[in-house]
Amino acid sequence: MHLPPRILKNIIVHTGLVTDDEYHKLEEEAARRGTLIANLLVEKEIVPEKYLIEFLASSLRIPVVDLKKNELKKEIVGLIPENMAENLRAIVYAREKDKKGDECFRVAMEDPLNIQAISFLEKKLGGQIIAHLITPTNFKSALKFYRVDISSEFNKIIQENIEKAAGESGGVATREQLAESIPVIAIFDTILKYAAASNASDIHIEPEPKQVLVRYRIDGILRDIIDLPVAVASALIARIKVMSRMAIDEHSKPQDGRFKFQYEDQSVSCRVSVMPVFYGEKAVIRLLVSSGRVFGLNELGYSEYNQKIIQENLSTTHGMILSTGPTGSGKTTTLYALLHLLNNPDVNICTIEDPIEYDIPRINQTQVNIKAGITFANGLRAFLRQNPDIMMVGEIRDGETADIAIQSALTGHLVLSTIHTNDAPSTVARLIDMGAEPFLLSSTLNLIIAQRLCRRICLHCIASIPIPKDTAELIKKQLRLVNPDNEPAAPKLIFKGQGCKQCSGAGYSGQIGIFEVLDITAEIRELITTNASADKIRVAAIKNGMKTMFEDGMVKVEAGMTTVEEVLKAIRE
């Protein structure tokens with residue numbers, strides 16, 4: 001929120017959200033991290049973004065607008081171009097006449113006190129500007145209205161160049177001529193831009209006999225986006241290889257690479273894998289918003305009970321905290337949230353990651369580089385000579401990394417990492433399989449967080465329905481399996497998304513985590529020392545208050561955050 005610091009301070013302190021001393025500390029942290037104080041207030045969960053905007057609107061006597069609730073019209077929004085809207089942080093959403101019959105325009109602005117921007121828009125549009133306040137999240141969502149249908153844009157680009165190629169070849173374009181004449185840079189840039197605009201986590205470019213299929217993974221689900229002519233395949237893969245610094249003339253071996261691109265005000269890191277397949281080469285691109293905001297535990301979906309356990313364990317000065325789950329379950333996002341809570345001027349934090357997904361000020365982040373000899377194990381070993389207080393290793397993949405992590409935790413360091421296991425209790429068995437000694441694990445393990453991601457129900461088309469009898473029985477059966485001692489009860493009402501324009505008919509928008517947080521108590525430590533089975537550890541953990549992922553998921557189902565189907569699918573992965 002781009003409001004003048006003096007005005008923002010008067011509003012925030014006057015409303016009692018923070019004291020003058022607390023605001024001064026926020027100013028120092030904002031300057032240190034190169035961010036805005038309003039962003040810190042939301043990030044630290046001092047006040048939700050929605051309420052912060054309402055406080056500001058009330059104090060400034062400027063109305064708030066939610067463009068998600070307004071039906072935007074292309075001819076109105078298009079009165080100013082997209083790049084101008086981004087630079088001014090302003091979107092025109094209504095055109096009307098005042099009482100005198102003069103033309104005026106309603107504009108949603110992140111900073112409605114920006115006199116220069118308002119003056120510029122008045123000259124540009126030729127009418128009075130009525131400024132309204134909008135949240136940054138809402139503004140970013142509204143910007144997507146500028147994006148035309150991806151298929152039509154791709155088809156327009158391709159058709160223009162097909163005709164050009166045909167003209168150059170006397171009316172008949174060969175496959176080679178077509179591939180050379182198509183502006184591959186424009187096509188690939190469009191693929192990247194729309195992937196970022198759609199909040200896609202991955203791009204799949206898959207060659208088929210008569211076409212090239214482009215798919216995005218959005219909210220964990222792969223969606224077909226467009227079919228490109230097969231003649232584009234070789235040129236498109238070549239462009240990807242150039243950007244990722246791969247060997248262009250190598251077609252028979254898998255290759256990996258990386259590149260970055262800029263989208264709006266964010267730097268997006270791309271991890272690329274190219275693999276030979278039957279009809280050519282397939283590319284998969286993982287998108288990572290390296291300058292993205294680190295989420296708080298509450299935003300990620302942690303319950304108050306689990307947050308309390310996590311906060312207690314973060315206050316310790318040594319030991320290990322592990323996040324576990326399959327690929328794409330949000331483990332690294334959880335670790336970044338924990339690092340954010342630990343990040344203060346009193347500690348030295350070092351990380352070894354593959355890749356670095358978020359750039360966090362005041363944290364020493366190192367990228368794995370196999371060619372340079374920087375692995376998780378070597379990086380962790382080198383950190384011990386860097387006088388660290390807290391260390392984060394991206395993943396424990398082998399016995400060597402596990403051993404160094406345990407030794408680091410034993411010698412007075414707090415170590416955070418991820419590991420691939422199905423649930424929290426089975427993590428102990430996995431580490432022992434890697435060669436870790438049970439008595440050392442019992443001394444070093446502090447906390448294990450297991451998680452999965454479920455799709456969120458779209459809030460624009462959410463509806464409650466009575467729970468079907470078979471679904472209720474399924475829930476009760478699953479609850480008996482995870483906690484036989486409790487009498488299971490299914491919710492009477494559940495929720496689902498009907499499908500709307502906002503969620504492209506999916507009924508879902510965004511994702512939320514379901515968790516089980518295993519606090520390593522004295523009883524659990526004793527079980528680890530005696531090499532007890534995962535089942536015995538699970539029983540003891542549940543007796544001590546641990547909620548399983550399914551139970552946590554059911555709480556979110558009752559709250560209307562997700563569906564039974566999503567929770568069941570997640571825990572069966």
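Predicted model: local features only at pLDDT ≥ 70, side-chain atom pairs only at ≥ 80, totals over all residues.
Colleague: Let's start with location. Which helix holds S426, and where does T427 lie?

Modeller: S426 is found in helix 18, which covers residues 426-433. T427 lies in helix 18 too.

Colleague: How do I read burial here? Is S426 buried or exposed?

Modeller: The general idea is a cut-off: buried means under 20% relative accessible area. S426 has 19% relative accessibility, so S426 counts as buried.

Colleague: And T427, buried or exposed?

Modeller: T427 has a relative accessible area of 0%, so T427 is buried.

Colleague: Now polar contacts. Which side chain does the side chain of S426 join?

Modeller: For these, you look for a pair of N or O atoms within 3.5 Å. The side chains of S426 and D423 are joined by such a contact, at 2.6 Å.

Colleague: Which backbone oxygens does the side chain of T427 reach?

Modeller: One is the backbone oxygen of D423, at 3.3 Å. Another is the backbone oxygen of A424, at 3.1 Å.

Colleague: What about contacts beyond the sequence neighbours? What does S426 touch?

Modeller: Contact means heavy atoms within 4.5 Å. Setting aside residues up to four places away in sequence, S426 touches T421 and A534. With neighbours within four places left out, T427 is in contact with L322, T324, I419, T421 and I448.

Colleague: Last one: how many residues apart along the chain are T427 and I46, and what separates their C-alpha atoms?

Modeller: T427 and I46 are 381 residues apart along the chain, and 34 Å separates their C-alpha atoms.

Technical notes:
Residues numbered from 1 in each chain as written. Heavy atoms only, no water. Helix = DSSP H or I, 4+ residues; strand = E, 2+ residues; numbered from the N terminus. Buried < 20%, exposed > 50% of the residue type's maximum accessible area, 1.4 Å probe, protein only. Polar contact = N/O pair within 3.5 Å; in protein donor to acceptor, adjacent residues only side chain to side chain.
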